[in-house]
Amino acid sequence: MNKKFKILGIMVALLFVGCGSKEDKAADSEQEVNTAEISVEETELEDSQALDEALTTEEEIVEVDPSVDLDLTALSSTMVYSEVFNMVMAPEEYEGTTLKMDGICNVYEDPDTGKTYYACIVQDATQCCSQGLEFVLDESQYTEADYPESGEEITISGDFATYTEGEYQYITILNSVME
């Protein structure tokens with residue numbers, strides 16, 4: 001990449017060379033190339049610093065919860081979205097894992113069966129894509145009235161599991177506890 005900028009700098013320098021002696025042209029060309037190299041290096045440094053700042057200042061540092069196998073609350077939004085996507089695509093790899101996650105509660109009532117499903121929805125960094133995991137609160141600690149409202153921000157932890165309903169396999173977080 002740096003080589004391309006040097007070549008571009010030389011081409012620009014040659015375009016700006018006007019009338020004058022050969023010595024003047026050579027000196028002007030060399031000065032313009034040096035200026036172009038410094039400008040390119042400064043731009044690359046500024047871009048790198050801006051990227052570093054964006055990556056470090058956007059997300060706050062969160063301690064990992066040692067009581068769970070996989071703490072999604074300690075990951076960036078992009079990593080959480082990716083991890084949940086992996087859970088959806090390869091649930092057998094997560095079976096039996098205790099996990100913790102935060103997101104937005106979504107409620108769905110199946111019109112055919114009347115059964116209500118609750119999910120914790122996470123979004124990627126640009127908030128254009130979302131993934132979610134169904135959860136079921138621990139029946140020994142919660143009643144139906146304890147479930148959160150749709151749109152409410154939640155943090156849950158529980159056991160990752162799969163189940164089959166009809167001919168389809170679904171994933172869920174069983175024995176969930178709200179924090």
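Is tyrosine 118 buried or exposed? Tyrosine 118 has a relative accessible area of 11% and is therefore buried, where buried means under 20% relative accessible area, exposed over 50% and partly exposed in between (1.4 Å probe, protein chains only). The model is a predicted one, in which local features need pLDDT of at least 70 and side-chain atom pairs count only at pLDDT 80 or more, whereas totals for chains, interfaces and linings use all residues. Residues are numbered from 1 along each chain as its sequence is written, and side-chain values use heavy atoms, with hydrogens and water left out.

The structure holds 6 aromatic pairs, a pair being rings of Phe, Tyr and Trp (its six-membered ring) with centres within 6.5 Å, classed as stacked if the planes are under 30 degrees apart, as edge-to-face if over 60 and as tilted for the rest. Among them is the tilted pair of tyrosine 94 and phenylalanine 160, with 5.9 Å from centre to centre and 55° between the planes. This pair links distant parts of the chain, 66 residues apart, since tyrosine 94 lies in the loop between α3 (77-89) and β2 while phenylalanine 160 belongs to strand β5 (residues 153-165); helices (H or I, at least four residues) and strands (E, at least two) are DSSP runs, numbered from the N terminus. Both tyrosine 94 and phenylalanine 160 are buried.

The rings of tyrosine 118 and tyrosine 147 have centres 4.1 Å apart and planes at 20°, so this pair is stacked. Because tyrosine 118 lies in strand β3 (residues 116-123) and tyrosine 147 in the loop between β4 (130-137) and β5, the pair ties together parts that are 29 residues apart in sequence. Tyrosine 147 is buried, with a relative accessible area of 15%, and ring pairs link Tyr118, Phe135 and Tyr147 into a cluster.

Lysine 100, in strand β2 (residues 98-109), counts as buried because its relative accessibility is 13%. Its side chain is joined to that of aspartate 65 by a polar contact of 3.4 Å and to that of glutamate 179 by one of 3.1 Å, a polar contact being a pair of N or O atoms within 3.5 Å; within protein, one must be able to donate a hydrogen and the other to accept it, and residues adjacent in sequence count only if both atoms are side-chain atoms.

Tyrosine 170, found in strand β6 (residues 168-178), counts as partly exposed because its relative accessibility is 33%. Tyrosine 170 and glutamate 134 are 36 residues apart in sequence and 8.6 Å apart in space, C-alpha to C-alpha.
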